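I opened my notebook today to look up a few things in a structure. Come and read along with me.

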Amino acid sequence: MHLEIVKDYETLSKRAAYILASQIILKPASVLGLATGSTPVGTYRELVKIYNEGLISFSRVITINLDEYYGLDKDDEQSYHYFMREHLFNHVDIKDENINIPDGKAVDVEAECRRYENIIEAVGGIDLQLLGIGQNGHIGFNEPGEHFEALTHLVDLTENTIKANARFFSSPEEVPTQAISMGIKSIMGAKKILLLASGEKKAGAVYKMLKGKITPQVPASVLQMHPDVVVLVDEGAASLL
Ligand code: F6R
């Protein structure tokens, strides 16, 4: 794993956006695996700036998002569909048909998970997967204890994750308790991975991911086995290294 430590969140966001933009320049029809949450908000903002400067186009880019809350409609303001439109898709020239996010309202969840894996296969796999990391070491919504072999599936969110995500909802009771998430195996299938972490709250998880034992108890530790990972963190998230 290649570790890059930068000063602060602003620098991290710019650097991450540059890495994504260079992927698009090198391969205009790139398949980008995308994440939501607070961490990539600055990255998407910087990427939109680069797009507005006319340096990149999303016209041939295909996106595959990591996850979606189960039970939320795509127009729900808390849904990851909504988040992605707000922060990226509404501001660039991506084609609707090239955007992929699990359907949180799917009635047949197993069929939805199979459909999602088939898309990843049909587009030839993910070229660059952007990841955040949970305080408990989760990636996507693969919580501690998940099998490394898991593909896209329905997951029960842990108390820890529900609490951490409650900041986006008016009360913790409103946070959905399940999500459809790409599995560890789907994530590990990406050709390249860029993991971002910012702030001291993430320092413990970053330490275990990089220096700890590879174990399903720390899902991100599996990334030690991947051939091409960049871990981009700010000084806060690197404070235990
Ligand atoms: C989001 C996702 C999650 C987040 C993680 C960190 O699509 O899959 O794994 O990346 O929970 O979230 P933030 O960035 O809000 O700290």
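**Entry: the ligand**

I started by noting that this is a predicted model. Next I looked up where the ligand sits, and the space it takes is the largest pocket. Which residues come nearest to the ligand? I found 14 residues around the ligand, and T39, D67, H138, G140 and K202 come nearest.

Then I looked up some distances to oxygen atoms of the ligand. From T39, a side-chain N or O atom is 2.4 Å from a ligand oxygen. For G140 I wrote down 2.6 Å, and here the atom is a backbone N or O. T36 has a polar side-chain atom 2.9 Å from an oxygen atom of the ligand. How much of the ligand's accessible area does the protein cover? On its own the ligand has 410 Å² of accessible area, and the protein covers 94% of that.

**Entry: a salt bridge**

I looked up the salt bridges too, and the structure holds 8. I picked the one where the side chains of R45 and E10 meet, with 3.0 Å from N to O. Where do the two partners sit? R45 is in helix α2 (residues 41-52) and E10 is in helix α1 (residues 9-26). They are 35 residues apart, so I noted that this pair links distant parts of the chain. A reminder to myself: side chains of opposite charge can pair when their charged atoms come close.

**Entry: the surface**

I found one of about 430 Å², made by L3, I5, Y207, L240 and L241. I also placed L240, which lies in the segment after β10 (229-234).

Terms used
Residues are numbered from 1 along each chain as its sequence is written. This is a predicted model: local features need pLDDT of at least 70, side-chain atom pairs count only at pLDDT 80 or more; totals for chains, interfaces and linings use all residues. Side-chain values use heavy atoms; hydrogens and water are left out. Patches are made of residues with over 30% relative accessible area and no salt bridge: like charges are joined within 9 Å, nonpolar side chains (Val, Leu, Ile, Met, Phe, Trp, Tyr) within 5 Å. Accessible areas come from the Shrake-Rupley method with a 1.4 Å probe; for residues, only the protein chains shown count as cover. A salt bridge is a side-chain nitrogen of Lys or Arg within 4 Å of a carboxyl oxygen of Asp or Glu. Helices (H or I, at least four residues) and strands (E, at least two) are DSSP runs, numbered from the N terminus. A residue is near a molecule or strand if one of its heavy atoms lies within 4 Å of it. A polar contact is a pair of N or O atoms within 3.5 Å; within protein, one must be able to donate a hydrogen and the other to accept it, and residues adjacent in sequence count only if both atoms are side-chain atoms. On a 1 Å grid over the protein atoms alone, a cavity is a set of points where a 1.4 Å probe fits but cannot get out, and a pocket is an open set with protein on both sides within 12 Å along at least five of seven lines; lining residues have an atom within 4 Å of a point. A molecule sits in a cavity or pocket if more than half of its atoms lie within 2 Å of its grid points.
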